[in-house]
Amino acid sequence: MNKFAKPILLAAALALSLVVALFLGINLYLQSDAVQERVRQTASEALGGELSMKGTSFTPWGGLTLAEIQLRDPGTGDVLFESDYLRFRVPLLPLLAQRVVITSASLVNPTIIWQQDRTTWRLPSPKTRERPV
């Protein structure tokens, strides 16, 4: 083997190992109870309902994925929305700078459920938010 090839192959193997360890670390972090609870709480506040999800994962080719999500009406507990997956494409470089930049979002098999009384549809009431001046 060439005297230059061995160090280059060793460096490439080390770099690949570091990338694999980085993605494994990101996934373990995203799957921790504390992070999942923070995601649930933030999304629930933003959406005005109770969000539940089965889990989260991250891959460089698929981005951030929330699995088996449901949004419930906080007053009645009725399911308003559910989806198999919610996927976000997130570039890596801003994440390393502690910024989340979402370039695209997609829902897989979404279902919106509107409850109906005898005479009218019961739509969720919009939550009014104060906007900063």
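The largest pocket in this predicted model is lined by 28 residues, and Leu-30, Val-39, Leu-64, Phe-88 and Val-100 lie nearest its centre. A pocket here is an open set of points on a 1 Å grid over the protein atoms alone, where a 1.4 Å probe fits, with protein on both sides within 12 Å along at least five of seven lines; lining residues have an atom within 4 Å of a point. The volume of the largest pocket is about 830 Å³, taken as the space filled by probe spheres set on the points, which are joined across faces, edges and corners.

By class, 25 of the lining residues are nonpolar, two are polar and one is charged. Nonpolar covers Ala, Val, Leu, Ile, Met, Phe, Trp, Tyr, Cys and Pro; charged covers Asp, Glu, Lys and Arg; the others, Gly among them, are polar.

At least two lining residues come from each of α1 (5-30), α2 (33-47), β2 (55-59), β3 (63-72), β4 (79-89) and α3 (92-96). The most is given by α2, with seven residues.

Turning to the chain, there are three helices and eight strands, in the order α-α-β-β-β-β-α-β-β-β-β. These are DSSP runs numbered from the N terminus: helices are H or I with at least four residues, strands E with at least two. Of the 133 residues, 20% are buried, meaning under 20% relative accessible area with a 1.4 Å probe, protein chains only.

On conventions, residues are numbered from 1 along each chain as its sequence is written, and side-chain values use heavy atoms, without hydrogens and water. In this predicted model, local features need pLDDT of at least 70 and side-chain atom pairs count only at pLDDT 80 or more, while totals for chains, interfaces and linings use all residues.

Definitions and conventions. Buried < 20%, exposed > 50% of the residue type's maximum accessible area, 1.4 Å probe, protein only.
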